[in-house]
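Subject: Structure handover

Hi,

Here is the structure for you to look at. My notes follow below it.

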Amino acid sequence: MIIDDIALTFVHGLGIKGCRLLLDIFGSARAIFDASDDELQLRGGVARKSMLWGALHSADPWREAEKVLKHAERYNIKPLASTDPAYPRLLAEIPDAPHVIYTQGNIENLHRPSLSVVGTRNMTTYGQRMGIRVVEQLHELVPEVSIVSGLAFGNDGNAHRAALGCGAATVAVIANALPDVTPTEHRTLADLILRDGGTIITEVSSQTKNNGRFFIPRNRIIAGLSSGTLVVESPYGGGSLQTVDFALDYGRIAMALPGRADDKNSFGSNIYIKQLKAAMVCSGSDVVHELGWDAVACGEGPDKVVAAPVVAAVETVNLSSDERQVYDAIGVGEAVDYDTLVERSGLPVQQVMSLIMGLELAGVVRILPGKRVERV
């Protein structure tokens, strides 16, 4: 029940990770609130009469949740809890995922193969041109792709506009409560995103005081929503590199467009390439290659590439129950590392590795560099 989930996020002293810990233990927000004092103490580690114990028994979270729901109904905002099947699966995998996100627009975009595109607000002509080029090429190769960015000035806004221009889905992650957007100058862009079937999401509720502290946390959501993050151009120490760092921390693929050696707006991008933190990409086909998305050459020229079907049916292959369990743990259009497969399948690591070899021999998966696996 979504009101339980929203109320849980307003429990003073719980926090994002504490919320996740209790959810892992009890299974749902309702079960947390219904737990006895003994259960809270013995299973959840919540001491009797502690501040957290008091907050869990307070009526304040419910009052806030009711206000949030009324606001959401008024402005056609859909809250999604991490326990909801509609919650984006990739985002749910990160350790600091928000338990509730607030969305407007088409939430199906949150389940597409996704690329996060970020970069400096001080966009150059080169950054603008290359950002548009990569998005257009990627959409041509993988029509189902969703372009994720932060609706900021510069490269973020350019990525959204490029997606709108070529008909790609796009998701804007903002650092304030809906229905407002920041920066306010991008209100028109936000309206275009929603009009054309895009999505706007935030972790900030209508009852959360916004003092500008959500911009860096917003970047983790941008990174968490996608299989990979591409930085178009960034100076050294630029905010967009924080998003790349989040992606690396989450085991996702980091990519960067190279820039001129003497261009300060590309210092950060070039250093990440030099330090092997980010793969150098120059085209949409490079992105497809780095993310492990199937593609076959077609026509003339390096950019003439079309995507192979993202979903590969395996109905004709006789898989054992354990093989099917591992295969089903590999999401459509994603490259999954072994640790994630172990976590999703619930099988021992050695068994998972053996099963992967069998699935590869059966021709239904492909083993990629970096101990990653994808469906064929």
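Contact here means heavy atoms within 4.5 Å. Please keep in mind that this is a predicted model.

**Helix α1**

Start at helix α1, residues 2–9. This helix is mostly covered, with six of its eight residues buried. Those six are I3, D4, D5, I6, A7 and L8. The cover over them includes three helices, α2 (15–26), α3 (29–34) and α6. It also includes the strands β1 (78–81) and β2 (100–105).

**Cavities**

Rolling a probe the size of a water molecule over the atoms shows where empty space is left. Three cavities of 30 Å³ or more turn up.

**Helices α8 and α14**

Two packed helices are described by the angle between their axes and the distance between the axes. For α8 (residues 125–141) and α14 (residues 284–291), the axes come within 7 Å. They cross at roughly 60 degrees. The two helices are therefore oblique to each other. On the α8 side, the contact uses V134, Q137, L138 and L141. On the α14 side, G284, S285, V287 and V288 meet them. Five residues of this contact are nonpolar, three are polar and none is charged.

**Helix α12**

Helix α12 covers residues 239–249. Its buried residues are S240, L241, T243, V244, F246 and A247. What lies over them? The cover includes the helices α11 (215–224) and α13 (267–274). Strands β3 (114–118), β7 (228–231) and β8 (253–256) are also among the covering elements. Just after α12, look at G251, which takes a positive phi of about 75 degrees.

**T199**

Last, go to strand β6 (residues 199–202), where T199 sits. Is T199 buried or exposed? The cut-off for buried is under 20% relative accessible area. T199 has 0%, so it is buried. Leaving aside neighbours within four places in sequence, its contacts include Q104, G105, N106, I107, N109 and L110. T170, V171, A172 and I193 are also in contact with T199.

Best wishes

Notes: Residues numbered from 1 in each chain as written. Predicted model: local features only at pLDDT ≥ 70, side-chain atom pairs only at ≥ 80, totals over all residues. Heavy atoms only, no water. 1 Å grid on protein atoms, 1.4 Å probe; cavity = no way out; pocket = protein on both sides within 12 Å on 5 of 7 lines; lining within 4 Å. Points joined across faces, edges and corners; volume = space filled by probe spheres on them. Axes fitted to C-alpha atoms, helices over the stretch in contact; angles between N-to-C directions. Helix = DSSP H or I, 4+ residues; strand = E, 2+ residues; numbered from the N terminus. Parallel < 35°, antiparallel > 145°, perpendicular 65-115°, else oblique. Nonpolar A, V, L, I, M, F, W, Y, C, P; charged D, E, K, R; others polar. Buried < 20%, exposed > 50% of the residue type's maximum accessible area, 1.4 Å probe, protein only.
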